[in-house]
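Dear colleague,

Please find below the structure that I am handing over to you.

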Amino acid sequence: MTTIFTKIINREIPSHIIYEDKNHLAFLDISPFEKGHTLVIPKKEYKTIFEIPEDEFLELMKVVKKVAEHVEKTLNCGINIWQNNKEISGQEVPHIHFHVVPRLS
Ligand code: 5GP
């Protein structure tokens, strides 16, 4: 399912991108829980952890770690990592993503 995140990947709508490689993108959340709140996504459109193949999930996790380390170093903060699957859990955008959330206070 195509979502707003595919539009971000394709630069059809603007975002503040902080990391990109061939298969992944990380960009600032438009409605951050805390300054620096970043979303990490695969470029392929998988809805949840139940659709993404395991090898691609593991690659995504490597990027989550890399982004979390960058945010921690930049802001000298703690980090929460959140990930919702299905609307009932709070997932608003049906394109798998990890929230990397700085904790400063
Ligand atoms: P979910 O609730 O699906 O786990 O999180 C979706 C996140 O995407 C929310 O934190 C929301 O603020 C963010 N979001 C929704 N639309 C946009 C957008 O157009 N641009 C950006 N940068 N973030 C978005």
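**Findings in the predicted model**

Glu69 and Lys65 both lie in helix α2, four residues apart, which is about one turn of the helix. Helices (H or I, at least four residues) and strands (E, at least two) are DSSP runs, numbered from the N terminus. The side chains of these two residues, Glu69 and Lys65, meet in a salt bridge, at 2.7 Å from N to O. The term salt bridge stands for a side-chain nitrogen of Lys or Arg within 4 Å of a carboxyl oxygen of Asp or Glu. Glu69 is partly exposed at 40% relative accessibility, whereas Lys65 is exposed at 53%. Here buried means under 20% relative accessible area, exposed over 50%, and partly exposed in between (1.4 Å probe, protein chains only).

Before going further, please note that this is a predicted model, in which local features need pLDDT of at least 70 and side-chain atom pairs count only at pLDDT 80 or more, while totals for chains, interfaces and linings use all residues. Residues are numbered from 1 along each chain as its sequence is written, and side-chain values use heavy atoms, with hydrogens and water left out.

**Further salt bridges**

Side chains of opposite charge can pair when their charged atoms come close. How many salt bridges does a search of the whole structure find? There are five salt bridges. One of them joins Lys43 to Glu20, with the closest N and O atoms 2.8 Å apart. This pair links distant parts of the chain, 23 residues apart: Lys43 is in the loop between β3 (38–42) and α2 (54–75), and Glu20 is in strand β1 (residues 17–20). Lys43 is partly exposed at 23% relative accessibility, and Glu20 is partly exposed at 36%. Arg11, Glu20 and Lys43 are linked in a network of salt bridges.

Helix α2 also holds Lys62 and Glu59, three residues apart. Their salt bridge has its closest N and O atoms 3.1 Å apart. Lys62 is exposed, with 53% relative accessibility, and Glu59 is partly exposed, with 38%.

**The sheet**

Five strands form an open sheet in the order β1-β2-β3-β5-β4, with antiparallel pairing; two strands pair if DSSP finds at least two bridges between them. β1 and β4 (78–82) stand at the edges with a single partner strand each, so one side of each has no neighbour in the sheet. From one strand to the next, the twist averages 20°. Axes are lines fitted to C-alpha atoms, for helices over the stretch in contact, and angles run from 0 to 180 degrees between N-to-C directions.

β3 and strand β5 (residues 98–103) pair in the antiparallel sense over three bridges. Val40 has Phe98 in β5 as its bridge partner.

**Aromatic pairs**

Rings of Phe, Tyr and Trp (its six-membered ring) pair if their centres lie within 6.5 Å; planes under 30 degrees apart count as stacked, over 60 as edge-to-face and the rest as tilted. By this rule there are three aromatic pairs. Among them, Phe5 and Phe27 are edge-to-face, at 5.4 Å centre to centre and 75° between the planes. Because Phe5 lies in helix α1 (residues 4–9) and Phe27 in strand β2, this pair ties together parts that are 22 residues apart in sequence. Both Phe5 and Phe27 are buried.

Yours sincerely
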